[in-house]
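Hi,

Here is the structure I promised to pass on. Have a look at it first, and then read my notes below.

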Amino acid sequence: MALIPGLSTSLSGMKTAQAQLDIVSRNIANVDTVGYTRKTAQQVNVIKAGNSMGVSLGDVTRSVDEGLLKSYLSSNSLTSNYSAQNDYLSKAETLLGTPQGNNSLSANVADLQAAFDTFTTDVTSSANRYNLLNQASTITSRLNSISVEIQKLRGDADLQITDAVDQVNDLLSQIDNLNDEIVKYDILGYEGTADLLDQRDEALRELSGLIDISYFKRETGAIVIQTTNGITLLDNDPHLLSHSALTQASSTTTYAGGGINGIYVDGQDITTSIKGGELQGLIQIRDTTLPSLQSQLDELAGNLMEQINQVHNRGTAYPNTPDMLTGTRTFIQGADGSYPQSIRLESGDVRFTIFDAEGKQVSTTTLKGGLGFTEGSVSDMAQQIQAWMQSADGPNLPQAQVYINNSGNLVIDTGDSNYGFSIVDEASSTPGSAQQDVSLSFDAGNNGLFAQSYQGFSSFFGLNDMFVKQTGDSIYDSKVVNANANLGVNEMTIWSFSDSSNGFNFGTITISPNDSLSDIVNSINENTALNGSMRASLVPNGSGYMLRIENLNGDQLEITETQGNNLLGRLGMSPSYVNTAQTIEVQENLMTDPGLISASSPSFDASTGKYVMSPAANNIANSLAQVFTSSITFKQSGTIAQTQTTLANYASTFVGNIASQTSTMESSLAYQQELTTSLATKEATVSGVDLDEELGQMIIFQQTYAACAQAFTASKEILDMLLSIV
């Protein structure tokens, strides 16, 4: 009887149309729900025993383009990367100021240069001296504050990395739970699988903003998530990330040196394997961009201090000629209490002159020609100078003292405030010889090797520095080289280490032919004699790496090559400028007494055969001003290659460099955001809900329902009539 199948067919049509209307209603209700995709279901013809029994609703499916989703994830990862970097670059640019700004760091250097120029015009002017000190103090304070803020930014970036790691872990756990639900719903045939898939895709979108990811689906419907480098983040169970944030960042705190904790998964450090997302942008800022800027600040501060001090040490203040000079170089004390490190005069001579309060010579001699000192320990030299100062044949100052203080610095004290002490380097021992820096060699390791060379006696000891820093020479850096470069070591080389706590040559390492920088790092870090005192690391710098050797106690460090072919020199190992920008300051005694600024040096009066001081002489002041117009060699620092330029130009270079990086990043971010938005729009076109389309579908399903209902009613009425007849 055909009426019964007709009733069944009509009823199935009504139910199917009702189910379709339910899907359309959900689509319309979720038109503004983030991550929701349009759902559809195909009608299926039901066949039983060869007969059509109506229709049923097939599986509910989503309108999703997997290719577009993966493109979005990749683009979103890069957008978040750029966004994180742009945020911190903008802050760094604000710290430095714009190249043309009146308050930029380059403007501070220019102001200091102008102050030195003004000082040359009248060195007797108190106003000029105070202006000079004010500008010098301004630039040191600016370098200090910028360095502090840069390290705060690095600390902020590291804290943000910790937050991002927590977010990654939350999302991985969320996706893992969704995986389980999706698999279960598929097996049990529950409704709602499509909505769970939407939630999982949305979690993937959020995850891609934090870290670069790729994924693939298993037959069960679960997905496996990896980084683009193949590190598994989710497979059956989530592989959670871990990271311990910095307590406090400093210029010497580096990831390469172990001062910054890595990001770990299953005990593996994946920091350098992360290639996208907010995490990679923050790592780039923390470990490359800001350290690069800091190294440029340190390079500027170090050269400013070194160049000015070199010239300032050639002069003598007058009429405020100091009766006490205290050096800044730290010497290492021997086991017997003496200071056995030795110096050797290679050329020229050092003239010591005692002046009275009126600038008249009281007595003069030279280190080599007068005192007979050409080579010897620092302690021996101090004793000879003191003996001359106390001698009746010399200045006859019985209270005079020359010694190494408890900090390891040379002190020269006339013992009488009425008598000042002057140091001038000359070409020879003959009175009136041309003034020029002496060349001297230094036996830093007390092993008979005069391997280090310096220019200027007073400059070597730091007896008349204008700028000082709070940290000593506890860190050595090499020039920038490839980490795995062949160093050209063709014979066994031995490096010996000395410091002010452990004494001389307390540990050595042996460098074999064909060893790399990495091998040297391992030799130092694995050496039991050096363990606890020394640390070596390869610090990224521009396109290469620097070998950094650090005394962990902050002690004065000396590295000598007791065997080999000057590998130290070929690597350019020397005391580092690191942390100079944060600690540089104007010598305190100059701030207290501006009259101690050296404007000139003693001149020789041939008619009297004596040296005299003039308050109006300005030869040293002129030389100080010329420092700012001289071309100085700046080592490679971060993104700036080794260059020769002036102090002001160098400051302008890296200030402009940050401005350029910020501008480039802003442009890259704008383009990437537009691309990501475009992909999101394209996704929405494919998978989003279109109200007009849904309303059209609603009308169709309403009509279908109504038609099936009429067919059902007609069949039922006929059946009722037949039943009543029977």
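A crossing of two helices is called left-handed if the near helix is turned anticlockwise from the far one by less than a right angle, and right-handed if clockwise. Before the findings, some housekeeping: this is a predicted model, where local features need pLDDT of at least 70, side-chain atom pairs count only at pLDDT 80 or more, and totals for chains, interfaces and linings use all residues. Residues are numbered from 1 along each chain as its sequence is written, and side-chain values use heavy atoms, with hydrogens and water left out.

Now the helix pair. The crossing of α2 and α6 is right-handed. Contact (heavy atoms within 4.5 Å) involves, among others, S77, Y88 and L96 of α2, and G277, I285 and L297 of α6. The axes of α2 (residues 66-96) and α6 (residues 277-312) come within 7 Å and cross at roughly 25 degrees, so the two helices are roughly parallel (angles under 35 degrees).

After α2 comes G97, with a positive phi near 85 degrees.

One more spot to look at is Q341, in the loop between β10 (324-326) and β11 (342-347). Q341 is buried (under 20% relative accessible area), with a value of 1%.

Cheers

Notes:
Axes fitted to C-alpha atoms, helices over the stretch in contact; angles between N-to-C directions. Helix = DSSP H or I, 4+ residues; strand = E, 2+ residues; numbered from the N terminus. Parallel < 35°, antiparallel > 145°, perpendicular 65-115°, else oblique. Buried < 20%, exposed > 50% of the residue type's maximum accessible area, 1.4 Å probe, protein only.
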